[in-house]
Every structure is written in C-alpha cells, then in structure tokens.
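Work through the exercises below with the sequence and the model open side by side. Each task is followed by a solution in steps.

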Amino acid sequence: MHKSGFVALIGRPNVGKSTLLNQILGQKVAIMSDKPQTTRNKIRGVYTTETEQIIFLDTPGIHKPKSRLGDWMVQSAREAFEEVDVVLFLVDAKEGLGPGDRFIIEQLKEVQTPVFLVVNKIDQVHPDDLLPFIDEYRQLFPFKEVVPVSALYGNNTSTLLNVILKELSEGPAYYPSDYITDHPERFIVGELIREKVLHLTREEVPHSVAVIVEEMSREEDSETILVRATIYTERSSQKGILIGKQGSLLKEVGRRARQEIQRLLGSKVYLDLWIKVKKDWRNEEFLLRQFGYRDEE
C-alpha cells in the first residue's frame with residue numbers, strides 16, 4: 001500500500017516552519033532567518049519513501065498585515081487550510097502563548113481538517129515546563145495530536161512523520177521520487193540571495209527587498225553558470241545600505257549566496273548582482289505580480 005497526502009505548516013512568523021521543512025527533507029528548499037515574515041510564498045517540499053509521499057506546504061507566517069503584500073501572504077496561508085489533509089500548527093516553546101497564536105487558533109476553528117500542535121524549540125526549555133505550556137493551548141483548541149520537536153536538531157521529527165502518516169489515505173505519488181520541491185531553480189536561487197540580504201541587514205530593509213533572477217545560463221565549453229539577479233528595494237536610502245561602504249555589503253551578499261547556489265546547482269557559479277529601487281512595491285498590484293507574489297488573473 002502506498003500512502004500520500006498534503007500537509008500545511010502554519011504558525012506565527014519566526015517559529016521555525018522553514019527549519020522544520022528543511023530538516024524533514026534533508027535539504028534546504030525554504031530560506032531561514034531570524035527576521036519575521038521570511039517566507040513569502042507557499043514553499044512546496046516533497047518527502048518520499050518507497051511506501052509514502054508527503055507534500056508539505058510551508059506557508060507565510062500568519063500576522064496582522066500592514067501592506068498589500070502582507071494581505072496576500074496571510075490569505076495564502078489561510079487558503080492552505082482547505083488544500084491539505086493535515087494542518088501542523090507550529091508554536092515556539094520558549095515564547096509562550098501570545099496574541100498571534102490566539103489569532104491563528106480563531107482562524108483554525110473554521111477548519112474541518114485535522115490539526116496537530118507541533119511544539120518547536122524544545123531544546124531551549126526545561127522538560128518540566130512543557131506540560132503546562134501544552135495544556136494552555138489544549139484549553140483553546142481540540143488538537144488531534146501534540147508533538148514536541150526540535151526542528152533545528154531533528155529531535156522527534158520521525159515521530160511527527162509517523163503521526164502524519166496515520167492521517168493519510170492510500171494514494172499515488174504525485175511527484176517523481178527524486179523531487180524535493182516543485183519550485184523552479186530560478187525561484188530557489190532568488191530566495192537564497194534574499195536570505196543573505198535578510199542575514200546581513202536590519203530594521204526596515206529586509207521586508208523591503210525582492211529578488212528577481214533575470215538570467216541563468218551556461219556558456220558552451222564552460223563549467224560555470226552565469227546567474228544575473230536584481231535586488232529590488234523601496235527607497236534610495238535602502239539601496240545605499242545594501243551596497244555598503246565601497247560595495248562591501250553587496251559583495252558579502254554575493255559571496256555567501258554564490259556558495260549556496262553552487263551547492264544547489266553542483267557547478268561553479270558567476271553571480272552578477274544589481275540593485276534597483278521600485279518605490280512602495282509592496283502596495284503595487286502590478287509589481288506584486290511581477291515579483292511572483294500574486295497569481296495572474
């Protein structure tokens with residue numbers, strides 16, 4: 001018997017959804033950062049064995065939006081509830097129950113899909129504190145399963161996979177066995193570049209950045225892949241920050257991104273980065289579509 005199905009990862013920004021997805025897949029398909037709202041698209045990751053296939057949707061963190069991009073991110077996460085067989089609600093064991101969690105639980109009350117509470121970052125709290133923490137959440141919602149994990153170190157992720165599989169029905173493999181994600185390489189390359197910007201900048205800059213990969217090509221008789229990408233930001237002052245003194249920050253973004261892109265593509269990479277200003281792009285419908293944050297109508 002072959003089991004298959006779809007699973008949504010939801011939760012407040014920065015609770016470790018992307019880290020958990022990457023840990024389960026054994027490969028990076030979603031970018032990671034300590035900045036909230038790192039994930040903007042529903043990242044689809046595919047876990048396959050000989051007898052099962054689980055397709056994970058790593059949704060944007062659910063938050064109260066402050067821009068059209070924010071509206072789209074939250075709507076995208078909500079839609080995932082109805083598309084899947086299981087919803088994993090990820091919470092941070094060291095943060096405690098907050099207004100953001102209560103907001104999400106209210107959304108979940110409308111959902112017919114089984115919901116599991118996944119308590120992340122258990123490596124950062126004392127075991128005696130876990131039960132009271134879990135009880136607080138159980139009083140607010142009838143979770144079908146509760147699974148404590150450490151996404152960073154992989155603790156209990158096999159248990160999580162086992163309880164997910166109990167909810168899945170017999171079904172086909174939707175993707176070939178060697179698929180890890182259905183996102184094209186260009187998308188992942190752009191996300192890796194954006195991840196390095198998130199790591200190296202602060203305050204408003206990370207949320208104001210979009211990356212478009214303009215070109216990926218290999219010249220004949222060459223082992224090197226040319227990647228040409230544009231980093232868009234909303235203000236000239238942010239462009240200056242991204243360039244850095246004598247181009248130092250942009251060079252460091254390029255150096256770190258190139259290393260990861262080379263691992264992804266298994267080839268030498270020449271990375272050509274440019275920065276452009278698109279004023280207030282997060283509130284422009286046309287630009288949101290151009291940057292891949294809206295479906296074409």
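**Exercise 1. A residue in a loop**

In which loop is the place of Asn156?

Solution. The model is a predicted one, in which local features need pLDDT of at least 70 and side-chain atom pairs count only at pLDDT 80 or more, while totals for chains, interfaces and linings use all residues. Residues are numbered from 1 along each chain as its sequence is written, and side-chain values use heavy atoms, with hydrogens and water left out.

Step 1. Asn156 sits in the loop between β6 (145–148) and α5 (157–167). Helices (H or I, at least four residues) and strands (E, at least two) are DSSP runs, numbered from the N terminus.

Step 2. Read the backbone angle: Asn156 is not a glycine, yet its phi is positive, about 70°. Most residues other than glycine have a negative phi.

Step 3. Asn156 counts as partly exposed because its relative accessibility is 32%. The classes are buried (under 20% relative accessible area), exposed (over 50%) and partly exposed (in between), with a 1.4 Å probe and protein chains only.

**Exercise 2. Another positive phi**

Find the place of Gln246 and state whether Gln246 is buried or exposed.

Solution. Step 1. Gln246 belongs to the loop between α7 (236–243) and α8. Step 2. Its phi is near 55°, a positive value in a residue other than glycine. Step 3. Gln246 counts as exposed, because its relative accessibility is 75%.

**Exercise 3. Helix α8 and its partners**

Describe how α8 packs against α7 and against α6.

Solution. Step 1. Two packed helices are described by the angle between their axes and the distance between the axes. Axes are lines fitted to C-alpha atoms, for helices over the stretch in contact, and angles run from 0 to 180 degrees between N-to-C directions.

Step 1. For α7 and α8, the axes come within 4 Å and cross at roughly 65°. Ile241, Leu242 and Ile243 of α7 meet Ser248, Leu249 and Leu250 of α8, where contact means heavy atoms within 4.5 Å. By class, this contact has 5 nonpolar residues, 1 polar and no charged ones. Ala, Val, Leu, Ile, Met, Phe, Trp, Tyr, Cys and Pro count as nonpolar, Asp, Glu, Lys and Arg as charged, and the others, Gly among them, as polar.

Step 2. For α6 (residues 185–200) and α8 (residues 248–265), the axes come within 9 Å and cross at roughly 140°. The residues of this contact divide into 12 nonpolar, 1 polar and 6 charged. On the α6 side they include Ile188, Leu192 and Lys196, and on the α8 side they include Val253, Arg256 and Leu264.

**Exercise 4. The largest nonpolar core**

Which residues of the largest nonpolar core touch the most other members?

Solution. Step 1. A nonpolar core is a set of buried Ala, Val, Leu, Ile, Met, Phe, Trp, Tyr and Cys residues joined through side-chain atoms within 4.5 Å.

Step 1. The largest core has 28 residues, and those touching the most other members are Ile10, Phe89, Leu108, Leu117, Val119, Tyr137 and Phe143. At least two residues of this core come from each of β1 (3–11), β3 (52–58), β4 (86–92), α3 (99–108), β5 (115–120) and α4 (130–138). The largest share, 4 residues, is that of α4.

Step 2. Take Leu108: not counting residues up to four places away in sequence, Leu108 touches Ile10, Phe81, Val87, Phe89, Val115 and Phe141.

**Exercise 5. Two residues compared**

Solution. Step 1. From Val213, 14 residues apart in sequence, Val227 is 7.2 Å apart in space, C-alpha to C-alpha.
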